[in-house]
Amino acid sequence: MPYTRNIFTKGPKVSKKKKERTAQVQNVISLRINDEEKKALEKLTRSTSKSISDIMREVIDLWTSNRRKLCMD
């Protein structure tokens, strides 16, 4: 008997948060850094279990929020 695929089988569940992040991330930015900066980023990825992209997003958010505070003063 040939194998038939059940079309009603559900795939793995993906959380809403993960779906939203995937939908939002569309752009690629290339960045040149020196060896020391790369080592610092790699150390952060190991200690935080985050990707370099996640760390850079946090840095951008932190920088923009600090910038807004300075502009408000």
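**Exercise 1.** How many residues does helix 2 have, and how far does helix 2 reach from its first C-alpha to its last?

*Solution.* This is a predicted model. Start with the count: helix 2 has 14 residues. Next, take the span from end to end, which is 20 Å. Then compare that with the expected span. At 1.5 Å a residue, 20 Å is expected, and the helix comes close to that.

**Exercise 2.** Describe what is found at the start of helix 2 and just after it.

*Solution.* Begin at the start. There, a side-chain oxygen of N34 comes to within 3.1 Å of the backbone nitrogen of E36. Now move past the other end. Just after helix 2, S49 has a positive phi of about 60°.

**Exercise 3.** Which helix has the lowest mean pLDDT, and which the highest?

*Solution.* Take the whole chain to begin with. Its average pLDDT is 80, and 67% of the residues score at least 70. Then go element by element. Helix 1 has the lowest mean, 62. Helix 2 has the highest, 96.

**Exercise 4.** Work out what lines the largest pocket.

*Solution.* Step one is the volume: about 640 Å³. Step two is the lining, made of 20 residues. Nearest the centre lie I29, S53, M56, R57 and I60. Step three is the source of the lining. Helix 1 (16–24), helix 2 (35–48) and helix 3 (52–72) each supply at least two residues. Helix 3 gives the most, with eight. Step four is the class of each lining residue. Nine are nonpolar, four are polar and seven are charged.

Definitions and conventions: Residues are numbered from 1 along each chain as its sequence is written. Side-chain values use heavy atoms; hydrogens and water are left out. On a 1 Å grid over the protein atoms alone, a cavity is a set of points where a 1.4 Å probe fits but cannot get out, and a pocket is an open set with protein on both sides within 12 Å along at least five of seven lines; lining residues have an atom within 4 Å of a point. Grid points are joined across faces, edges and corners, and a volume is the space filled by probe spheres set on the points. Helices (H or I, at least four residues) and strands (E, at least two) are DSSP runs, numbered from the N terminus. Ala, Val, Leu, Ile, Met, Phe, Trp, Tyr, Cys and Pro count as nonpolar, Asp, Glu, Lys and Arg as charged, and the others, Gly among them, as polar. pLDDT is the predictor's confidence in each residue, from 0 to 100. The expected span of a helix is 1.5 Å times one less than its number of residues. A polar contact is a pair of N or O atoms within 3.5 Å; within protein, one must be able to donate a hydrogen and the other to accept it, and residues adjacent in sequence count only if both atoms are side-chain atoms.
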